[in-house]
Amino acid sequence: PPQFEKFSEVVKEAFNYRRKKLVNSLKRLIDTNTLVSLNINPNARPQDISVSEFIRISKAVSIQYFGA
């Protein structure tokens, strides 16, 4: 399903670069203001956020790029 594909892309991108903060590792997909609006600390490292936060990010990315 497309939702799982977007979720997988977000998680893979977040963990692609060791020791990077979300703001840096996800900059290709989502901006800092959007992370803040999702109540997610953009300076957090990927290993420090929950699965539900990754789901919120992937939903926001899907809406931003696909309108759904």
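Analyst: Contact here means heavy atoms within 4.5 Å. The model is predicted, and the contacts described below should be read with that in mind.

Two packed helices are described by the angle between their axes and the distance between the axes. For helix α1 (residues 2–15) and helix α4 (residues 51–66), the axes come within 9 Å and cross at roughly 115°. Since angles of 65 to 115 degrees count as roughly perpendicular, α1 and α4 are therefore described as roughly perpendicular to each other. The crossing in which α1 passes α4 is right-handed. On the α1 side, the contact is made by Lys6, Phe7, Val10, Val11, Ala14 and Phe15, while α4 brings Val51, Phe54, Ile55, Ile57, Ser58, Val61, Ser62 and Phe66 to it. Sorted by class, the residues in this contact of α1 with α4 are 11 nonpolar, two polar and one charged.

In soluble globular proteins, nonpolar side chains tend to be buried together. In this model, the largest nonpolar core has 15 residues, and those with the most contacts inside it are Val10, Leu22, Leu26, Ile30 and Ile57. Helices α1 and α4 each supply at least two residues of this core, and α4 gives the most to it, with four residues. Valine 10, already named in the helix contact, touches Leu26, Leu29, Phe54, Ile57, Ser58 and Val61 when residues up to four places away in sequence are not counted.

From the helix pair, the account can turn to the loop between α3 (32–37) and α4, where leucine 38 has its place. Leucine 38 counts as buried because its relative accessible area is 19%, and the cut-off for buried is under 20%. Leaving aside neighbours within four places in sequence, leucine 38 is in contact with Ile30, Arg56, Ile57 and Ala60; of these, Ile30 and Ile57 are also among the residues with the most contacts inside the largest nonpolar core. Between leucine 38 and lysine 6 there are 17 Å in space, C-alpha to C-alpha, for 32 residues of separation in sequence.

Asparagine 39 also has its place in the loop between α3 and α4. Asparagine 39 counts as exposed because its relative accessibility is 68%, whereas leucine 38 is buried. The phi of asparagine 39 is near 65°, a positive value in a residue other than glycine.

Serine 25 is buried, with a relative accessible area of 2%, and, not counting residues up to four places away in sequence, serine 25 touches Glu13, Ala14, Lys20 and Pro46. One of these, Ala14, also takes part in the contact of α1 with α4. Serine 25 and proline 46 are 21 residues apart along the chain, and their C-alpha atoms are separated by 8.7 Å.

Lysine 20 lies in the loop between α1 and α2 and, at 36% relative accessibility, counts as partly exposed. With residues up to four places away in sequence not counted, lysine 20 touches Ser25, Arg45 and Pro46, and Pro46 is also touched by serine 25.

Definitions and conventions. Residues numbered from 1 in each chain as written. Predicted model: local features only at pLDDT ≥ 70, side-chain atom pairs only at ≥ 80, totals over all residues. Heavy atoms only, no water. Axes fitted to C-alpha atoms, helices over the stretch in contact; angles between N-to-C directions. Parallel < 35°, antiparallel > 145°, perpendicular 65-115°, else oblique. Left-handed = near helix turned anticlockwise from the far one by under 90°. Nonpolar A, V, L, I, M, F, W, Y, C, P; charged D, E, K, R; others polar. Core = buried A, V, L, I, M, F, W, Y, C linked by side-chain atoms within 4.5 Å. Buried < 20%, exposed > 50% of the residue type's maximum accessible area, 1.4 Å probe, protein only.
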